[in-house]
Amino acid sequence: MKLSGAESEQTKERERQSIIHQINPHFVFNTLATIRIITRVNSDLAYDMIYDFSKYLRAVIQSLTNPENITFKEEMDYVISYTNLQRIRFGDNIGINIDIRETDFMIPPMALQPLLENAIIHGLKKGKLKGRVSIRSYQNTEEYIVQVEDDGAGFDVKKYNGIPEEGSLKESGLQRVRNRLEQMLGGKLEVKSTIGKGTVVTLHIPRLSEDK
């Protein structure tokens, strides 16, 4: 069913608000503080950080201007910049594996950032302060699969499947991505987590969704 002009604008506005809620000001401030320090000791690294940070900000602005689905390749361009900044902030404590086999499909903009943030901040940092995050994509006969996995603290999945705790960034971030994925692509988000062992978040995107 085709949406009217007013309904379409309301949908876009809901998407903008969802994206705004996903932007973590602490990440922005901490990144700027890190760049400020690094400019004094390593100008080449500071140059690279400014480049990656500008790509992150560009993705945010573009998503707010046009919050419609983008290609997974475009999403990964921004995700690489985001992970580069996090690796510099946390150093050797965090390893990031990227295994991307499929990029030619659509995804809501900035859908992976909350998942990566959960994996790094709420998974690894809250657990043993050291670990690994994996990002992968592939396809089967019916759908495209995107996974973000960490070997960090894990959490109680029942809390995610139920009503999110007030103020809980982990649950609210996952719920927002799940809602956007369902509404924009007819996809679904699956969470598996074991306390003390880690979390796997899987996005299931129907292969015909790019024609919608």
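## Chain overview

Of the contacts in the chain with a separation of 6 or more, 73% are between residues 24 or more positions apart; contact means heavy atoms within 4.5 Å. This is a predicted model, where local features need pLDDT of at least 70, side-chain atom pairs count only at pLDDT 80 or more, and totals for chains, interfaces and linings use all residues. Residues are numbered from 1 along each chain as its sequence is written, and side-chain values use heavy atoms, with hydrogens and water left out.

The chain holds 7 helices and 7 strands. Helices (H or I, at least four residues) and strands (E, at least two) are DSSP runs, numbered from the N terminus. Their order from the N terminus is α-α-α-β-α-β-β-α-β-β-α-α-β-β.

## Packing of α3 and α4

Helix α3 spans residues 43–65, and helix α4 spans residues 72–90. They pack at about 135 degrees, with axes 9 Å apart. Axes are lines fitted to C-alpha atoms over the stretch in contact, and angles run from 0 to 180 degrees between N-to-C directions.

From α3, the contact uses L45, M49, D52, F53, K55, Y56 and A59. From α4 come D77, Y78, S81, Y82, N84, L85 and I88.
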